[in-house]
Amino acid sequence: RDPVGQSVAMAGVGWPLLALVLLSPWGWAGGSCPPRCVCASNILSCSQAVLSSVPSPLPRFTAVLDLSHNNISRLRADWAPGRLAHLHALLLSHNGLSFVSTEAFAHVPHLRHLDLSSNRLRALEENLFSDLTELEVLLLYNNEISVVDRTAFDNLGRLRKLYLGQNRISRFPLELLRDGSRLPQLALLDLSANRLRSVPVGELQALPAWLRDRLYLHANPLACDCQLFQLVARGRRRRLSAVMDFQEELRCLPPPPSAPVAILALAGRQPLNCSEAREAVLEAHLGDTITLSCDTRLRGVRSRHWVTPGGERVLEETGNGSAALLANGSLQLRALRPDDAGTYACWVAGPLLNETLYVELLVHNVTLHGPHDTLNTAYTTLVGCILSVVLVLIYLYLTPCRCCCCRGADKAPAPRDDSINSSVLSTTPNHAAAAVPGEPCRSRSASSAGPGQNGRFKGGGTPQAPPRHGPKAQRKVSDPDSVSSVFSDTPIVV
């Protein structure tokens, strides 16, 4: 064999291998793969390597570092001697980790995925994750966490998913979610299987639907009340994942401590006897200003618009200025009119799906100025009813005397031959017994008069005119009950 040719042939085969070694990130130019670890491109996997500390040195170009299932109980500030600018995923689950320095993440500023699950962490200290400004997913489930400092998640403006299930948390600072400024991108919060006994239902209901869709509260010893029931019932009607996927695990403890019951089973059940509140039904009065919320579950909404009960699309403020589409997608109605009542629809177009929400508006045909006006109206109605009853009783039982102004005792009744002057419209006789001189004025009783129309009694008729002399002495005063008294003021002369 030609030794020169053999050397050339071997050289032809070796050069590509040598070039591949030199160009590989794990070649001599970039450092070596730590012992008991598996290295592939920019991934460093040291899982189940029976490590008690982080291997050193770590290649500076490492992007994914898997240290799970080891015995690393403490993560100090110097676990990474140099800055790992390319590291975006760090896995430390199943290590028995009980201590994490507040400066442990100063050398990995671009970390996006951090897994600290299934360890022995007991508290989340102040500003623990403040250096991870680009963190998106944080896994802390299956630990022994009982204390959560409200500043532990400061500066996590890009955090999207936070898993805190299966811990010992009795109070979580939900005020971090109230205004959306502390964790603006958070779309999933898992607080299941903790020790929460109560939650601020009002604040949770005010959260956007896309966050309530992934707010997991099941397997907590929550105290039963109707507000909690209504919160869960609304989630079921909206088909929120946090309710639909864990209906059986959403349980609570009744007022006398007893066995947990399903929250959704509280409807009509004693002693609470809860009832579902109507969702998306708003009531208002004429002239009011009201805002209809477009509570969509979709994130990254591309466009939305409202459709009024009359079929009119509201994309911006209308010409008459009565409706306006706000920046957050809500619809504001000003100076409500009766025609504004009906069902409004909010059409939402998301990146993958679309959603339609319906809001029913009831406009009462009474202008409401305040609670005092309502009280005054009721009081006036009550007083009117009482006065009506009193007047009816007076009319029935306290009829005044008809003889309050009695005629003179010297006036004699008309003679019996004046029947021509009696009323043709009544059968009541117009004569009665004469008044006795000197006797006090008294009411004429039924015994002093004959039966009248409809079985009633009527007092005697026309008083006798004073005696006169002369040819006109026979003139008589007209009977007030006669026909002439009805149609004419002129007396009839006989």
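Cys-33 is partly exposed, with a relative accessible area of 29%. Buried means under 20%, exposed over 50%, and partly exposed lies in between (1.4 Å probe, protein chains only).

The model is predicted: local features need pLDDT of at least 70, side-chain atom pairs count only at pLDDT 80 or more, and totals for chains, interfaces and linings use all residues. Residues are numbered from 1 along each chain as its sequence is written, and side-chain values use heavy atoms, without hydrogens and water.

## Exercise 1

**Solution.** 
- Step 1. Look for the sulfur partner. A disulfide is a pair of cysteine sulfur atoms within 2.5 Å.
- Step 2. Check the partner's surroundings. Cys-39 has a relative accessible area of 21%, so Cys-39 is partly exposed. Cys-33 is partly exposed too, at 29%.

## Exercise 2

**Task.** Describe the disulfide of Cys-226 and Cys-274: which parts of the chain does the pair tie together?

**Solution.** 
- Step 1. Start with the distance. The sulfur atoms of Cys-226 and Cys-274 are 2.1 Å apart.
- Step 2. Locate both ends. Helices (H or I, at least four residues) and strands (E, at least two) are DSSP runs, numbered from the N terminus. Cys-226 sits in helix H4 (residues 226-237) and Cys-274 in the loop between strand S16 (261-262) and S17, so the pair ties together parts that are 48 residues apart in sequence.
- Step 3. Read the torsion. With -90° about the S-S bond, the link of Cys-226 and Cys-274 is left-handed.
- Step 4. Judge each end by its area. Cys-226 has 25% relative accessibility and so counts as partly exposed. Cys-274 has 4% and so counts as buried.

## Exercise 3

**Task.** Work through the disulfide of Cys-294 and Cys-346. Are these two residues buried or exposed?

**Solution.** 
- Step 1. Take the distance. The sulfur atoms of Cys-294 and Cys-346 are 2.0 Å apart.
- Step 2. Cys-294 lies in the loop between S18 and strand S19 (303-307), while Cys-346 lies in strand S23 (residues 342-349). The pair links distant parts of the chain, 52 residues apart.
- Step 3. Take the torsion. It is about -85° about the S-S bond of Cys-294 and Cys-346, so the disulfide is left-handed.
- Step 4. Check burial. Cys-294 is buried, and Cys-346 is buried as well.

## Exercise 4

**Task.** Trace the open sheet that contains S18 and S21: in what order do its strands lie?

**Solution.** 
- Step 1. Recall how strands join. Strands of a sheet pair through backbone hydrogen bonds, either parallel or antiparallel. Here two strands pair if DSSP finds at least two bridges between them.
- Step 2. Read the order. The open sheet has three strands, in the order S18-S22-S21, with antiparallel pairing.
- Step 3. Find the edges. S18 and strand S21 (323-325) are the edge strands, and each pairs on one side only.
- Step 4. Count the bridges between S21 and strand S22 (residues 331-333). Three bridges join these antiparallel strands.
- Step 5. Pick out facing residues. Ala-324 stands opposite Gln-332 in S22.
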